[in-house]
Amino acid sequence: MTTSPRPVGGPSVPQERRLVTEIPGPRSRELFARRNETVALGVSTTLPVFVTRAGGGVLEDVDGNSLIDFGSGIAVTSVGNSAEAVVRRATEQLQRFTHTCFMVTPYEGYIAVCEALAELTPGDHAKKSALFNSGAEAVENAVKIARAYTKRQAVVVFDHGYHGRTNLTMALTAKNMPYKNGFGPFAPEIYRVPMAYPLRWPTGPERCAEEAAAQAISQIEKQIGAQNVAAVVIEPIQGEGGFIEPPLGFLPRIAQFCRDNGIVFVADEIQTGFCRTGDWFACEHEGVVPDLVTTAKGLAGGLPLAAVTGRAEIMDAAHAGGLGGTYGGNPVACAAALGAIDTMRAEDLAGRARKIGEVMIGRLRALAERHPEIAEVRGRGAMVAIELVKPGSLEPAPEIALKAAAFCHAAGVVVLTCGTFGNVLRFLPPLVIGDDLLSEGLDVIEQAFDSMS
């Protein structure tokens, strides 16, 4: 009796879109039925195809279909699935030991990740880090650290922001459904101020940066009192809120206000970090140096790892034992992170992200000229989105986003939706995707909109 070889993922996976069944196929449908019997319904699924291997810019499913990946597991597998250096380093660590808990008996890999974060994150000041499991944990601990440092309680966040699903980070998150509805009461001392959203700014995009910053600062001063604010937490480009990129000048103005008032400026770079926007971190685009940076997603090439990195004197404000967690900075995840960072450096994935962005934005803007339902093409690097409206207005059209996404999925291209109004298609291809696959994926997106004309 012979057995078929185990599928191997990573760069060796054939880089092609291949459809041999409908999407999802029969085997995926069987597995989805099993999933519905044992997995809580609150855990949603965007596209019910069950993956057996992945690498480069493709996902292969149990039915033998090969799909172009424009999602990267929500900006996680930026270096590609099962990247060689990630697998090698993680495998070596698995063979040595899987866990000790850094708070009990430490290991070098945790320190090496913190050293890399100190080098890579914006600013040349002394930095320290603490490692966690998820982006929400990182944000929650950034708030703890800021409160310990400032001895203040209030935290300011922005309209359309997303920061996680724990109780505190749900309070920080703007969108009710599906993240907050029915899950309250939420943590107190959270205040929300306007975000610079150029497409929807009442007086027009050219006045958005100045007016939005002035409104946000005025609300903080009048409704909270700057002297009561521990932290301002902001995504340099908002993720789940709709890939909203604030116009030039907004972030520096908010950061300067924080410096002037002793407020800890926290950049939530969980989705934007690690080369995704064409810089190692999105704040670098305007030279903004945060006090604290939260990271996760692209940090460890697909393994769960998150971090808070910041000014050493702020990071050291928490008392011994006040930070941590049993699995935080797991040695296998740390090894994977070092492999992912090696890959980003060796392959200049920040530069690659810029090239991907040039191609995607150019193609999508040409598409928008033919389709008035595309109100805006926006983004930076390989973090690109289109916002959809009813033609002739700014009324959100989530039904168009869903229809376009469904077409792409059926045609073998994984795309994601987002936005406060559910009307944004977002694209997050792996930074190692080939030019041919990138172009073919964009062809399918064009076909999706042409099919609705």
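**View 1. Pro-178 in the loop between helix H6 (167–172) and strand E6 (190–193).** The peptide bond that joins Met-177 to Pro-178 is cis, with omega about 5°. Helices (H or I, at least four residues) and strands (E, at least two) are DSSP runs, numbered from the N terminus. The model is predicted: local features need pLDDT of at least 70, side-chain atom pairs count only at pLDDT 80 or more, and totals for chains, interfaces and linings use all residues. Residues are numbered from 1 along each chain as its sequence is written, and side-chain values use heavy atoms, with hydrogens and water left out.

**View 2. The cis peptide bond between Ile-23 and Pro-24.** Omega of this bond is about -5°. Pro-24 sits in the segment before helix H1 (26–38).

**View 3. Lys-151, a residue other than glycine with positive phi.** The phi value of Lys-151 is near 60°. Lys-151 belongs to the loop between helix H5 (135–150) and strand E5 (154–158). Its relative accessible area is 70%, and Lys-151 is therefore exposed. Exposed means over 50% relative accessible area, buried under 20%, and partly exposed in between (1.4 Å probe, protein chains only).
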